Amino acid sequence: MSHNVWADMGFPDAEEMLKKAGLVVQLTDLISDRRLSLSSAARQLGLSRLRLMAIMDGEFQENSISQLEKFIEIISSTPRSRLPLPNRILTRI
């Protein structure tokens, strides 16, 4: 058993999937750290709220590494909100 679940399952693009998963974790952490609602984050990224939720829930295969890195760059430049954490994010912590 390796450190990569996709390799263990025999996926040919296992290393790419592991990299994407790490980027999605970073993105999710940034959204939480910035105290952004999913709607606000999605709007900034040019996505629907449902699509952002799907990416955060593991449906990121169709997204490229460069696209996920761009999402991180966009959210990283967003100032931290002084509002309490939205309920949707709280359930993910």
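K20 is buried, at a relative accessible area of 3%; buried here means under 20% relative accessible area, exposed means over 50%, and partly exposed is in between, with a 1.4 Å probe and protein chains only. This is a predicted model, where local features need pLDDT of at least 70, side-chain atom pairs count only at pLDDT 80 or more, and totals for chains, interfaces and linings use all residues. Residues are numbered from 1 along each chain as its sequence is written, and side-chain values use heavy atoms, with hydrogens and water left out.

Back to K20. Its side chain forms a salt bridge with E16, at 3.4 Å from N to O. The criterion for a salt bridge is a side-chain nitrogen of Lys or Arg within 4 Å of a carboxyl oxygen of Asp or Glu. E16 is partly exposed, at 35%. Helices are DSSP runs of H or I with at least four residues, strands are runs of E with at least two, and both are numbered from the N terminus.

How many salt bridges does the whole structure have? The search finds 3. Another one joins R34 and D33, at 2.9 Å from N to O. R34 is buried, with a relative accessible area of 14%, while D33 is partly exposed at 39%. There is also K70 with E73, where the closest N and O atoms are 3.4 Å apart. K70 and E73 sit 3 residues apart in helix α5, again about one helical turn. K70 is partly exposed, at 42%.

Next, the core. A nonpolar core is a set of buried Ala, Val, Leu, Ile, Met, Phe, Trp, Tyr and Cys residues joined through side-chain atoms within 4.5 Å. The largest one has 24 residues, and L27, I31, L52 and I75 touch the most other members. Two or more residues come from each of α2 (14-33), α3 (38-45), α4 (49-56) and α5 (65-76). α2 gives the most, with 8 residues.

Take I75. Beyond its neighbours within four places in sequence, I75 is in contact (heavy atoms within 4.5 Å) with L27, L30, I31, R34, L36, A41, Q44 and L45. R34, then, is both a contact of I75 and a salt-bridge partner of D33.

Last, α3 and α4. The buried residues in α3 are L38, S40, A41, A42 and L45. Just after α3, G46 has a positive phi of about 75°. In α4, L52, M53, A54, I55 and M56 are buried. G58 follows α4, and its phi is positive too, near 110°.
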